[in-house]
Amino acid sequence: MRIGELAEATGVSSRSLRYYEEHGLIRSERTAGGWRDFDPSMVDRVVMIQHLFAAGLGSGTIDQVLPCLDAPVEERNGEMERLFAEQAERLAAKQRDIERERETLQALRRETALPGATP
């Protein structure tokens, strides 16, 4: 499967697929003419990578998670669960920071509102 076909099958740009390959998230073989040739199994892998990015994981963390996802359940060692828990805590901390910033901004709006204006 050529890169354009993989892009079409997954809805992911060829540029992103080259990025994934550069970072070792997906693999391809090269044809005699130098074209990338992806195994059809890369479709599911790219979709999973998209889900992991959408969950806020970076490419380094995704690189650590993918081998866990590839392993049979009985061979998993809890590393993926640990990484997911760390990411969930990171997002919770970010959410707390955003809420604190929002509350500060709301207080500033109240304090600086023109008389008679609704903040």
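1. A starting point for reading helix packing: axes are lines fitted to C-alpha atoms, for helices over the stretch in contact, and angles run from 0 to 180 degrees between N-to-C directions. Keep that in mind for point 3.

2. Please remember that this is a predicted model. The protein chain has an average pLDDT of 93, and 99% of the residues score at least 70. Confidence is highest in helix H1 (residues 3-10), with a mean of 97, and lowest in helix H4 (residues 59-70), with a mean of 92.

3. Now look at helix H2 (residues 14-22) and helix H3 (residues 42-54). Their axes lie 12 Å apart, and the helices pack at an angle of about 90 degrees. Angles of 65 to 115 degrees count as roughly perpendicular, so that is how H2 and H3 sit relative to each other.

4. Which residues make this contact? From H2 come Leu 17, Tyr 19 and Tyr 20, while H3 supplies Val 46, Ile 49, Gln 50 and Phe 53. Of the residues in the contact of H2 with H3, six are nonpolar, one is polar and none is charged.

5. Next, find the largest nonpolar core, which has 21 residues. Leu 6, Leu 17, Tyr 20, Ile 26, Val 46, Ile 49 and Ile 62 have the most contacts inside it. H1, H2, H3, H4 and helix H5 (79-112) each give two or more residues to this core. The largest share, five residues, comes from H3.

6. Leaving aside residues up to four places away in sequence, Leu 17 touches Ile 3, Leu 6, Ala 7, Val 12, Ile 26 and Val 46.

Terms used
Residues numbered from 1 in each chain as written. Predicted model: local features only at pLDDT ≥ 70, side-chain atom pairs only at ≥ 80, totals over all residues. Heavy atoms only, no water. pLDDT = per-residue confidence, 0-100. Helix = DSSP H or I, 4+ residues; strand = E, 2+ residues; numbered from the N terminus. Parallel < 35°, antiparallel > 145°, perpendicular 65-115°, else oblique. Contact = heavy atoms within 4.5 Å. Nonpolar A, V, L, I, M, F, W, Y, C, P; charged D, E, K, R; others polar. Core = buried A, V, L, I, M, F, W, Y, C linked by side-chain atoms within 4.5 Å. Buried < 20%, exposed > 50% of the residue type's maximum accessible area, 1.4 Å probe, protein only.
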